[in-house]
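Hi there,

Here is the structure I promised to pass on to you. Have a look at it first, and then read on for what turned up in it.

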Amino acid sequence: MKSAPRTQFTGPELCALEAHQVVKLLHLGEVSPSEVLDAAFSRIDAVEPSVNAIVTRCEERARSSVSSLAVKGVKNVSLPGWLGGLPIGIKDLTPVAGVRTTFGNKGLASFVPEQSSALVERLENNGGIVVGKTNTPEFGAGGNTFNEVFGMTRNPWDTRKNAGGSSGGAAVSLATGEVWLSQGGDLAGSLRTPAAYCGVVGLRPSIGRVAESDEKFAFNTEIVPGPMARSVTDCALFLDAMSGFEPRSPLSLEAPRTPFMQAVYRASEKVRIAYSPNLNGFAHVTPEVDAVLRHALGLVEKAGAAVDEACPQLPDLEPTYVTLRAMVWAAGPGRAPAEVQKHFKQTVVENIEVGRKLKIDDVYDAQIRRTVLFHNMQQFLQSYDVLACPTVGMQPGPVEEEYPTAINGTPLTDYIQWLRFAFLATTTGLPAISIPIGFSEGGMPVGMQLIGRPRGEARLLQVARAIEISVGGPLKPIDPRSF
(Lines give C-alpha, C1' and ligand atoms only; values in the text may rest on other atoms or scores of the structure.)
Protein backbone atom coordinates (compact mmCIF):
# COMPACT_ATOMS: atom_id res chain seq x y z
CA MET A 1 0.00 0.00 0.00
CA LYS A 2 1.22 3.45 -0.86
CA SER A 3 1.57 6.10 1.81
CA ALA A 4 -0.27 9.40 1.45
CA PRO A 5 0.91 11.30 -1.63
CA ARG A 6 2.62 14.63 -1.24
CA THR A 7 0.03 17.38 -1.40
CA GLN A 8 -0.21 21.07 -0.70
CA PHE A 9 -2.89 23.43 0.51
CA THR A 10 -2.61 27.09 -0.38
CA GLY A 11 -5.98 28.24 0.92
CA PRO A 12 -6.76 30.39 3.98
CA GLU A 13 -5.65 28.94 7.32
CA LEU A 14 -9.26 28.91 8.52
CA CYS A 15 -10.20 26.58 5.68
CA ALA A 16 -7.62 24.01 6.81
CA LEU A 17 -9.19 23.70 10.27
CA GLU A 18 -11.85 21.13 11.09
CA ALA A 19 -15.44 22.32 11.36
CA HIS A 20 -15.71 21.83 15.12
CA GLN A 21 -12.55 23.90 15.58
CA VAL A 22 -13.97 26.78 13.55
CA VAL A 23 -17.30 26.56 15.40
CA LYS A 24 -15.43 26.81 18.70
CA LEU A 25 -13.66 29.94 17.45
CA LEU A 26 -17.03 31.36 16.45
CA HIS A 27 -18.51 30.56 19.86
CA LEU A 28 -15.61 32.25 21.61
CA GLY A 29 -15.81 35.29 19.36
CA GLU A 30 -12.22 34.79 18.18
CA VAL A 31 -13.38 34.96 14.57
CA SER A 32 -16.54 36.45 13.15
CA PRO A 33 -18.97 34.72 10.78
CA SER A 34 -18.04 37.31 8.15
CA GLU A 35 -14.37 36.36 8.36
CA VAL A 36 -15.18 32.68 7.99
CA LEU A 37 -17.44 33.45 5.04
CA ASP A 38 -14.71 35.52 3.40
CA ALA A 39 -12.32 32.57 3.74
CA ALA A 40 -14.83 30.20 2.16
CA PHE A 41 -15.56 32.40 -0.86
CA SER A 42 -11.85 33.08 -1.33
CA ARG A 43 -11.20 29.35 -1.51
CA ILE A 44 -14.18 28.76 -3.80
CA ASP A 45 -12.86 31.38 -6.20
CA ALA A 46 -9.43 29.73 -6.20
CA VAL A 47 -10.34 26.09 -6.85
CA GLU A 48 -13.64 26.05 -8.74
CA PRO A 49 -12.07 26.42 -12.19
CA SER A 50 -10.25 23.14 -11.57
CA VAL A 51 -12.99 20.99 -10.02
CA ASN A 52 -16.50 22.39 -10.73
CA ALA A 53 -17.95 21.36 -7.34
CA ILE A 54 -20.04 24.33 -6.12
CA VAL A 55 -21.95 25.15 -9.27
CA THR A 56 -24.35 27.80 -7.93
CA ARG A 57 -23.20 30.39 -5.40
CA CYS A 58 -25.47 32.51 -3.23
CA GLU A 59 -23.05 35.03 -1.78
CA GLU A 60 -25.53 37.86 -1.33
CA ARG A 61 -27.94 35.58 0.49
CA ALA A 62 -25.13 34.20 2.66
CA ARG A 63 -23.89 37.64 3.65
CA SER A 64 -27.41 38.70 4.50
CA SER A 65 -27.73 35.67 6.78
CA VAL A 66 -24.42 36.43 8.47
CA SER A 67 -25.44 40.00 9.31
CA SER A 68 -27.74 38.77 12.07
CA LEU A 69 -25.15 36.54 13.76
CA ALA A 70 -22.42 37.17 16.30
CA VAL A 71 -19.62 39.67 15.78
CA LYS A 72 -15.97 39.13 16.58
CA GLY A 73 -15.01 39.59 20.21
CA VAL A 74 -18.39 38.57 21.66
CA LYS A 75 -18.94 35.12 23.12
CA ASN A 76 -21.89 33.28 21.61
CA VAL A 77 -22.56 30.14 23.66
CA SER A 78 -25.01 27.76 22.01
CA LEU A 79 -26.54 24.29 22.26
CA PRO A 80 -24.42 21.29 21.16
CA GLY A 81 -24.39 20.86 17.42
CA TRP A 82 -25.26 24.46 16.61
CA LEU A 83 -23.10 25.67 13.71
CA GLY A 84 -22.70 29.28 14.81
CA GLY A 85 -22.29 30.89 11.38
CA LEU A 86 -20.32 28.11 9.66
CA PRO A 87 -20.57 28.09 5.83
CA ILE A 88 -22.06 24.89 4.41
CA GLY A 89 -22.85 23.40 1.01
CA ILE A 90 -26.24 22.04 -0.06
CA LYS A 91 -26.68 19.44 -2.79
CA ASP A 92 -28.44 20.61 -5.95
CA LEU A 93 -31.28 18.16 -5.31
CA THR A 94 -32.33 20.02 -2.14
CA PRO A 95 -34.39 23.22 -2.41
CA VAL A 96 -33.00 26.43 -0.93
CA ALA A 97 -35.36 29.39 -0.99
CA GLY A 98 -34.38 31.97 -3.58
CA VAL A 99 -31.48 29.90 -4.92
CA ARG A 100 -31.36 28.21 -8.31
CA THR A 101 -32.04 24.48 -7.83
CA THR A 102 -31.72 22.49 -11.06
CA PHE A 103 -31.60 18.78 -10.08
CA GLY A 104 -29.03 18.60 -12.90
CA ASN A 105 -31.87 18.72 -15.43
CA LYS A 106 -32.10 21.14 -18.37
CA GLY A 107 -35.86 21.42 -17.92
CA LEU A 108 -35.25 22.81 -14.42
CA ALA A 109 -32.19 24.88 -15.26
CA SER A 110 -33.93 28.12 -14.26
CA PHE A 111 -35.99 26.80 -11.35
CA VAL A 112 -35.80 28.94 -8.19
CA PRO A 113 -37.86 27.57 -5.27
CA GLU A 114 -39.72 29.93 -2.99
CA GLN A 115 -39.34 27.70 0.05
CA SER A 116 -36.41 25.74 1.44
CA SER A 117 -36.65 22.09 2.39
CA ALA A 118 -37.19 21.26 6.06
CA LEU A 119 -33.57 20.13 6.30
CA VAL A 120 -32.21 23.44 5.02
CA GLU A 121 -34.50 25.32 7.41
CA ARG A 122 -33.18 23.24 10.33
CA LEU A 123 -29.57 23.79 9.33
CA GLU A 124 -30.03 27.52 8.93
CA ASN A 125 -31.86 27.71 12.28
CA ASN A 126 -28.84 25.94 13.75
CA GLY A 127 -26.47 28.60 12.42
CA GLY A 128 -25.46 27.11 9.08
CA ILE A 129 -24.79 29.59 6.29
CA VAL A 130 -25.53 28.23 2.82
CA VAL A 131 -22.84 29.40 0.40
CA GLY A 132 -23.99 27.45 -2.65
CA LYS A 133 -25.33 24.33 -4.32
CA THR A 134 -23.05 21.38 -5.05
CA ASN A 135 -23.06 19.48 -8.33
CA THR A 136 -24.90 16.19 -8.84
CA PRO A 137 -25.78 13.89 -11.74
CA GLU A 138 -29.27 14.38 -13.12
CA PHE A 139 -31.77 13.65 -10.32
CA GLY A 140 -28.91 11.95 -8.48
CA ALA A 141 -28.76 9.05 -10.93
CA GLY A 142 -25.27 7.64 -11.17
CA GLY A 143 -21.93 7.14 -9.48
CA ASN A 144 -20.21 9.87 -11.53
CA THR A 145 -21.15 13.52 -11.07
CA PHE A 146 -21.98 15.26 -14.34
CA ASN A 147 -25.04 16.74 -16.04
CA GLU A 148 -26.01 18.84 -19.05
CA VAL A 149 -26.56 21.96 -16.96
CA PHE A 150 -23.18 22.30 -15.27
CA GLY A 151 -20.89 19.66 -16.75
CA MET A 152 -18.42 17.38 -14.93
CA THR A 153 -17.08 17.52 -11.40
CA ARG A 154 -13.46 16.41 -11.14
CA ASN A 155 -11.67 14.49 -8.40
CA PRO A 156 -9.21 16.82 -6.62
CA TRP A 157 -6.70 14.01 -6.01
CA ASP A 158 -6.40 13.59 -9.78
CA THR A 159 -8.53 15.89 -11.92
CA ARG A 160 -8.49 13.35 -14.75
CA LYS A 161 -10.69 11.08 -12.63
CA ASN A 162 -14.30 11.20 -11.49
CA ALA A 163 -15.36 12.19 -8.01
CA GLY A 164 -18.05 9.58 -7.53
CA GLY A 165 -21.72 10.36 -7.23
CA SER A 166 -24.25 11.47 -6.73
CA SER A 167 -22.89 13.77 -3.99
CA GLY A 168 -19.68 14.33 -5.94
CA GLY A 169 -19.80 18.10 -5.71
CA ALA A 170 -20.26 17.90 -1.95
CA ALA A 171 -17.27 15.58 -1.50
CA VAL A 172 -14.99 17.72 -3.67
CA SER A 173 -16.04 20.92 -1.91
CA LEU A 174 -14.85 19.34 1.34
CA ALA A 175 -11.65 17.78 0.03
CA THR A 176 -10.50 21.10 -1.44
CA GLY A 177 -11.39 23.17 1.65
CA GLU A 178 -14.16 25.22 0.05
CA VAL A 179 -16.49 24.43 2.95
CA TRP A 180 -16.20 22.53 6.22
CA LEU A 181 -19.50 20.65 5.99
CA SER A 182 -21.58 19.69 2.97
CA GLN A 183 -24.95 17.94 2.77
CA GLY A 184 -25.31 14.77 0.74
CA GLY A 185 -27.99 12.21 -0.02
CA ASP A 186 -27.81 8.45 -0.49
CA LEU A 187 -29.64 5.72 -2.39
CA ALA A 188 -26.95 3.54 -3.99
CA GLY A 189 -24.01 4.93 -2.08
CA SER A 190 -24.58 8.46 -3.33
CA LEU A 191 -22.71 10.02 -0.43
CA ARG A 192 -20.60 7.00 0.50
CA THR A 193 -18.94 6.49 -2.91
CA PRO A 194 -17.84 10.12 -3.40
CA ALA A 195 -16.63 10.23 0.20
CA ALA A 196 -14.43 7.21 -0.52
CA TYR A 197 -13.16 8.58 -3.83
CA CYS A 198 -12.34 12.04 -2.44
CA GLY A 199 -10.88 11.11 0.95
CA VAL A 200 -13.66 12.53 3.14
CA VAL A 201 -16.30 11.13 5.51
CA GLY A 202 -19.90 10.46 4.49
CA LEU A 203 -22.63 9.02 6.69
CA ARG A 204 -25.88 7.47 5.51
CA PRO A 205 -28.12 7.75 8.60
CA SER A 206 -30.96 5.52 9.73
CA ILE A 207 -34.35 6.09 8.13
CA GLY A 208 -35.86 9.20 9.74
CA ARG A 209 -32.71 10.32 11.53
CA VAL A 210 -32.45 13.30 9.19
CA ALA A 211 -35.90 14.56 8.28
CA GLU A 212 -36.97 16.03 4.98
CA SER A 213 -40.22 17.62 3.82
CA ASP A 214 -40.98 15.87 0.55
CA GLU A 215 -44.59 16.75 -0.27
CA LYS A 216 -45.01 13.94 -2.81
CA PHE A 217 -42.87 11.09 -1.47
CA ALA A 218 -42.77 11.50 2.31
CA PHE A 219 -42.84 7.75 3.11
CA ASN A 220 -39.76 6.97 1.03
CA THR A 221 -37.34 4.80 3.02
CA GLU A 222 -34.59 4.36 0.44
CA ILE A 223 -33.26 7.89 -0.21
CA VAL A 224 -31.94 9.59 2.91
CA PRO A 225 -30.04 12.87 3.34
CA GLY A 226 -26.92 12.81 5.44
CA PRO A 227 -23.79 14.63 6.61
CA MET A 228 -20.45 14.82 4.83
CA ALA A 229 -17.29 16.24 6.37
CA ARG A 230 -13.52 15.89 6.48
CA SER A 231 -13.43 14.11 9.84
CA VAL A 232 -15.59 11.79 11.90
CA THR A 233 -15.96 14.42 14.63
CA ASP A 234 -17.18 16.96 12.09
CA CYS A 235 -19.58 14.40 10.65
CA ALA A 236 -21.04 13.95 14.14
CA LEU A 237 -21.34 17.72 14.52
CA PHE A 238 -23.22 17.99 11.23
CA LEU A 239 -25.49 15.07 12.16
CA ASP A 240 -26.36 16.82 15.42
CA ALA A 241 -27.29 19.93 13.45
CA MET A 242 -29.45 17.85 11.08
CA SER A 243 -31.23 15.63 13.61
CA GLY A 244 -34.62 16.13 15.24
CA PHE A 245 -38.32 15.50 14.86
CA GLU A 246 -39.97 17.21 11.90
CA PRO A 247 -43.80 17.20 11.87
CA ARG A 248 -43.84 17.41 8.07
CA SER A 249 -41.85 14.16 7.88
CA PRO A 250 -43.90 11.10 8.98
CA LEU A 251 -40.85 8.89 9.58
CA SER A 252 -38.69 11.42 11.44
CA LEU A 253 -37.02 10.59 14.77
CA GLU A 254 -36.45 12.74 17.82
CA ALA A 255 -32.90 13.97 18.34
CA PRO A 256 -30.94 11.76 20.76
CA ARG A 257 -30.60 12.85 24.38
CA THR A 258 -26.83 12.63 24.11
CA PRO A 259 -25.41 14.56 21.13
CA PHE A 260 -23.47 12.52 18.63
CA MET A 261 -20.40 14.68 19.19
CA GLN A 262 -20.28 13.65 22.83
CA ALA A 263 -20.45 10.01 21.78
CA VAL A 264 -17.46 10.52 19.46
CA TYR A 265 -15.45 12.12 22.26
CA ARG A 266 -15.91 8.87 24.22
CA ALA A 267 -14.56 6.71 21.40
CA SER A 268 -12.37 3.80 22.49
CA GLU A 269 -10.03 1.55 20.56
CA LYS A 270 -11.76 -1.49 22.12
CA VAL A 271 -14.11 -2.18 19.23
CA ARG A 272 -15.38 -5.38 17.60
CA ILE A 273 -15.27 -5.43 13.82
CA ALA A 274 -16.40 -8.04 11.32
CA TYR A 275 -14.73 -7.62 7.93
CA SER A 276 -16.04 -9.00 4.67
CA PRO A 277 -14.07 -8.15 1.51
CA ASN A 278 -16.92 -9.13 -0.83
CA LEU A 279 -20.09 -9.68 1.27
CA ASN A 280 -20.01 -13.46 0.80
CA GLY A 281 -19.15 -13.09 -2.89
CA PHE A 282 -21.99 -10.66 -3.58
CA ALA A 283 -19.76 -7.74 -4.63
CA HIS A 284 -16.52 -7.53 -6.58
CA VAL A 285 -13.39 -5.93 -5.10
CA THR A 286 -9.99 -5.44 -6.67
CA PRO A 287 -7.01 -7.00 -4.85
CA GLU A 288 -5.54 -3.53 -4.33
CA VAL A 289 -8.60 -2.16 -2.53
CA ASP A 290 -8.83 -5.29 -0.36
CA ALA A 291 -5.13 -4.99 0.51
CA VAL A 292 -5.49 -1.36 1.60
CA LEU A 293 -8.44 -2.21 3.83
CA ARG A 294 -6.68 -5.21 5.39
CA HIS A 295 -3.63 -3.07 6.13
CA ALA A 296 -5.82 -0.50 7.87
CA LEU A 297 -7.59 -3.18 9.92
CA GLY A 298 -4.19 -4.49 10.97
CA LEU A 299 -3.40 -1.07 12.42
CA VAL A 300 -6.76 -1.06 14.18
CA GLU A 301 -6.03 -4.49 15.69
CA LYS A 302 -2.66 -3.30 16.95
CA ALA A 303 -4.46 -0.46 18.70
CA GLY A 304 -6.68 -2.89 20.59
CA ALA A 305 -9.61 -3.80 18.36
CA ALA A 306 -10.91 -7.30 17.70
CA VAL A 307 -11.26 -8.04 13.96
CA ASP A 308 -12.79 -11.18 12.46
CA GLU A 309 -13.48 -12.04 8.84
CA ALA A 310 -17.19 -12.76 8.91
CA CYS A 311 -20.46 -11.87 7.20
CA PRO A 312 -24.12 -12.78 7.73
CA GLN A 313 -26.17 -14.55 5.10
CA LEU A 314 -27.59 -12.04 2.60
CA PRO A 315 -30.20 -13.95 0.57
CA ASP A 316 -31.77 -12.21 -2.42
CA LEU A 317 -30.05 -8.91 -1.69
CA GLU A 318 -29.78 -7.87 -5.33
CA PRO A 319 -33.40 -8.43 -6.47
CA THR A 320 -34.66 -6.89 -3.24
CA TYR A 321 -32.59 -3.76 -3.62
CA VAL A 322 -33.27 -3.43 -7.35
CA THR A 323 -37.02 -3.60 -6.75
CA LEU A 324 -36.95 -1.01 -3.98
CA ARG A 325 -34.80 1.28 -6.11
CA ALA A 326 -37.05 0.87 -9.13
CA MET A 327 -40.08 1.89 -7.08
CA VAL A 328 -38.31 5.11 -6.10
CA TRP A 329 -37.56 6.01 -9.70
CA ALA A 330 -41.00 5.23 -11.04
CA ALA A 331 -42.81 7.07 -8.22
CA GLY A 332 -40.42 10.04 -8.19
CA PRO A 333 -38.77 11.22 -11.43
CA GLY A 334 -41.17 8.96 -13.33
CA ARG A 335 -44.00 11.32 -12.33
CA ALA A 336 -42.12 14.50 -13.26
CA PRO A 337 -43.69 16.86 -15.83
CA ALA A 338 -43.13 16.03 -19.50
CA GLU A 339 -40.97 19.14 -20.01
CA VAL A 340 -38.59 17.73 -17.40
CA GLN A 341 -38.68 14.08 -18.50
CA LYS A 342 -37.89 14.91 -22.10
CA HIS A 343 -34.37 15.90 -21.01
CA PHE A 344 -33.66 12.72 -19.01
CA LYS A 345 -30.44 10.90 -19.82
CA GLN A 346 -30.75 7.29 -20.91
CA THR A 347 -29.88 5.77 -17.54
CA VAL A 348 -32.66 7.77 -15.84
CA VAL A 349 -35.14 6.57 -18.46
CA GLU A 350 -34.00 2.98 -17.90
CA ASN A 351 -34.40 3.29 -14.12
CA ILE A 352 -37.96 4.52 -14.52
CA GLU A 353 -38.85 1.77 -16.99
CA VAL A 354 -37.67 -0.93 -14.58
CA GLY A 355 -40.02 0.51 -11.99
CA ARG A 356 -42.96 0.69 -14.37
CA LYS A 357 -42.53 -2.96 -15.34
CA LEU A 358 -42.63 -4.26 -11.78
CA LYS A 359 -45.35 -6.73 -10.89
CA ILE A 360 -47.16 -6.47 -7.58
CA ASP A 361 -45.62 -9.77 -6.44
CA ASP A 362 -42.19 -8.18 -6.97
CA VAL A 363 -43.16 -5.52 -4.43
CA TYR A 364 -44.49 -8.08 -1.94
CA ASP A 365 -41.34 -10.18 -2.28
CA ALA A 366 -39.06 -7.19 -1.79
CA GLN A 367 -40.75 -6.21 1.48
CA ILE A 368 -40.54 -9.77 2.81
CA ARG A 369 -36.94 -10.25 1.70
CA ARG A 370 -35.73 -6.95 3.15
CA THR A 371 -37.18 -8.05 6.49
CA VAL A 372 -35.14 -11.27 6.36
CA LEU A 373 -32.02 -9.27 5.52
CA PHE A 374 -32.68 -6.85 8.37
CA HIS A 375 -33.09 -9.64 10.92
CA ASN A 376 -29.94 -11.38 9.67
CA MET A 377 -27.96 -8.17 10.10
CA GLN A 378 -29.53 -7.31 13.45
CA GLN A 379 -28.66 -10.72 14.87
CA PHE A 380 -25.16 -10.66 13.37
CA LEU A 381 -24.44 -7.24 14.88
CA GLN A 382 -25.20 -8.52 18.37
CA SER A 383 -21.69 -9.99 18.22
CA TYR A 384 -19.98 -7.05 16.49
CA ASP A 385 -20.11 -3.27 16.63
CA VAL A 386 -19.98 -2.96 12.85
CA LEU A 387 -19.71 -4.89 9.63
CA ALA A 388 -16.79 -3.47 7.65
CA CYS A 389 -16.40 -3.82 3.90
CA PRO A 390 -15.19 -1.75 0.96
CA THR A 391 -17.21 1.37 0.26
CA VAL A 392 -16.68 0.69 -3.42
CA GLY A 393 -14.67 -2.17 -4.84
CA MET A 394 -12.53 -0.29 -7.35
CA GLN A 395 -10.68 2.96 -7.94
CA PRO A 396 -12.31 5.89 -9.77
CA GLY A 397 -12.23 5.84 -13.54
CA PRO A 398 -11.81 8.66 -16.06
CA VAL A 399 -14.10 11.63 -15.50
CA GLU A 400 -15.52 11.10 -19.01
CA GLU A 401 -16.64 7.53 -18.20
CA GLU A 402 -20.23 7.39 -16.90
CA TYR A 403 -19.74 4.01 -15.25
CA PRO A 404 -17.32 1.06 -15.44
CA THR A 405 -18.25 -2.02 -17.44
CA ALA A 406 -16.05 -4.57 -15.65
CA ILE A 407 -14.26 -5.22 -12.34
CA ASN A 408 -11.27 -7.61 -12.27
CA GLY A 409 -12.18 -8.63 -15.81
CA THR A 410 -15.72 -9.59 -14.77
CA PRO A 411 -18.30 -7.87 -16.99
CA LEU A 412 -20.97 -5.78 -15.25
CA THR A 413 -24.53 -6.14 -16.50
CA ASP A 414 -25.75 -2.60 -15.85
CA TYR A 415 -24.66 0.78 -14.58
CA ILE A 416 -25.16 0.16 -10.84
CA GLN A 417 -23.52 -3.28 -10.53
CA TRP A 418 -20.21 -1.70 -9.54
CA LEU A 419 -21.98 -0.09 -6.54
CA ARG A 420 -23.13 -3.38 -4.96
CA PHE A 421 -21.42 -2.66 -1.63
CA ALA A 422 -23.95 0.14 -1.15
CA PHE A 423 -27.02 -2.07 -1.46
CA LEU A 424 -27.03 -3.65 2.01
CA ALA A 425 -27.38 -0.55 4.21
CA THR A 426 -30.02 0.93 1.92
CA THR A 427 -32.11 -2.25 1.86
CA THR A 428 -31.98 -2.83 5.63
CA GLY A 429 -32.26 0.80 6.68
CA LEU A 430 -29.11 0.53 8.79
CA PRO A 431 -26.71 3.45 9.27
CA ALA A 432 -23.46 3.27 7.31
CA ILE A 433 -20.39 5.47 7.09
CA SER A 434 -17.45 5.71 4.70
CA ILE A 435 -14.11 6.84 6.09
CA PRO A 436 -10.74 7.23 4.33
CA ILE A 437 -8.26 4.63 5.57
CA GLY A 438 -5.37 4.63 3.10
CA PHE A 439 -4.19 5.15 -0.45
CA SER A 440 -3.78 3.09 -3.59
CA GLU A 441 -0.49 2.70 -5.42
CA GLY A 442 -1.69 5.47 -7.71
CA GLY A 443 -2.08 7.87 -4.78
CA MET A 444 -5.89 7.85 -4.66
CA PRO A 445 -7.81 7.63 -1.37
CA VAL A 446 -9.51 4.37 -0.43
CA GLY A 447 -12.62 4.28 1.75
CA MET A 448 -13.83 1.71 4.25
CA GLN A 449 -17.56 1.29 4.81
CA LEU A 450 -18.88 0.49 8.28
CA ILE A 451 -22.48 -0.66 8.71
CA GLY A 452 -23.92 -0.26 12.19
CA ARG A 453 -26.76 -1.50 14.34
CA PRO A 454 -30.36 -0.29 13.99
CA ARG A 455 -30.46 3.42 14.85
CA GLY A 456 -26.88 2.96 16.04
CA GLU A 457 -25.26 6.11 14.71
CA ALA A 458 -23.60 6.91 18.04
CA ARG A 459 -21.70 3.60 18.24
CA LEU A 460 -21.02 3.68 14.50
CA LEU A 461 -19.37 7.08 14.84
CA GLN A 462 -17.34 5.88 17.83
CA VAL A 463 -15.97 2.94 15.84
CA ALA A 464 -15.28 5.19 12.86
CA ARG A 465 -13.38 7.60 15.09
CA ALA A 466 -11.32 4.76 16.59
CA ILE A 467 -10.35 3.61 13.09
CA GLU A 468 -9.64 7.17 11.98
CA ILE A 469 -7.20 7.59 14.88
CA SER A 470 -5.53 4.24 14.19
CA VAL A 471 -4.81 5.05 10.54
CA GLY A 472 -3.55 8.57 11.27
CA GLY A 473 -6.57 10.52 10.03
CA PRO A 474 -8.35 12.71 9.31
CA LEU A 475 -6.97 13.95 6.01
CA LYS A 476 -6.33 17.64 5.45
CA PRO A 477 -7.79 19.58 2.50
CA ILE A 478 -5.69 19.75 -0.65
CA ASP A 479 -5.16 21.84 -3.75
CA PRO A 480 -6.52 20.05 -6.84
CA ARG A 481 -3.83 17.88 -8.44
CA SER A 482 -3.54 17.95 -12.22
CA PHE A 483 -1.22 15.63 -14.17
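**Aromatic rings**

Searching the whole structure, which is a predicted model, turns up 8 aromatic pairs. One of them is formed by Tyr 321 and Phe 423, and this pair is stacked, with 4.0 Å from centre to centre and 15° between the planes. Why does this pair tie together parts that are 102 residues apart in sequence? Tyr 321 belongs to helix α11 (residues 317–331), while Phe 423 belongs to helix α15 (residues 423–428), so the pair links those two parts. Tyr 321 and Phe 423 are both buried.

Ring pairs also join Phe 103, Phe 139 and Phe 344 into a cluster. Take a second look at Phe 139, in the loop between β3 (128–134) and β4 (146–147). Its phi is near 55°, a positive value in a residue other than glycine. Is Phe 139 buried or exposed? Its relative accessible area is 19%, and buried means under 20%, so Phe 139 counts as buried.

**Cavities**

How many cavities of 30 Å³ or more does a search of the whole structure find? There are 5. The largest cavity has a volume of about 60 Å³. Its lining includes Gly 140, Gly 165, Arg 325 and Tyr 415. Sorted by class, that lining has 5 nonpolar, 5 polar and 1 charged residues.

Ser 166 sits in the loop between β5 (151–152) and α6 (168–175).

The second largest cavity holds about 50 Å³ of space. Among the residues that line this second cavity are Asn 162, Tyr 197, Gln 395 and Trp 418. By class, its lining divides into 5 nonpolar, 3 polar and 1 charged.

**Two residues in one loop**

Gln 395, from the lining of the second largest cavity, is placed in the loop between β11 (386–390) and β12 (406–407). With 19% relative accessibility, Gln 395 falls under the 20% cut-off and therefore counts as buried. Its side chain makes a polar contact with the side chain of Ser 440, at 3.2 Å. If you leave aside neighbours within four places in sequence, the residues in contact with Gln 395 include Tyr 197, Glu 288, Met 444 and Val 446.

Thr 405 also lies in the loop between β11 and β12. Is Thr 405 buried or exposed? Its relative accessibility is 55%, and exposed means over 50%, so Thr 405 counts as exposed. Leaving aside neighbours within four places in sequence, Thr 405 is in contact with Thr 410, Pro 411 and Leu 412.

A cis peptide bond joins Gly 473 and Pro 474, where omega is about 0°. Pro 474 is in the segment after α16 (457–470).

Arg 455 has a phi near 50°, a positive value in a residue other than glycine. You will find Arg 455 in the loop between β15 (445–451) and α16. With a relative accessible area of 58%, over the 50% cut-off, Arg 455 counts as exposed.

Enjoy exploring, and write back with any questions!

Best wishes

Definitions and conventions: Residues numbered from 1 in each chain as written. Predicted model: local features only at pLDDT ≥ 70, side-chain atom pairs only at ≥ 80, totals over all residues. Heavy atoms only, no water. 1 Å grid on protein atoms, 1.4 Å probe; cavity = no way out; pocket = protein on both sides within 12 Å on 5 of 7 lines; lining within 4 Å. Points joined across faces, edges and corners; volume = space filled by probe spheres on them. Nonpolar A, V, L, I, M, F, W, Y, C, P; charged D, E, K, R; others polar. Helix = DSSP H or I, 4+ residues; strand = E, 2+ residues; numbered from the N terminus. Buried < 20%, exposed > 50% of the residue type's maximum accessible area, 1.4 Å probe, protein only. Polar contact = N/O pair within 3.5 Å; in protein donor to acceptor, adjacent residues only side chain to side chain. Contact = heavy atoms within 4.5 Å. Phe/Tyr/Trp six-rings, centres within 6.5 Å; stacked < 30°, edge-to-face > 60°.
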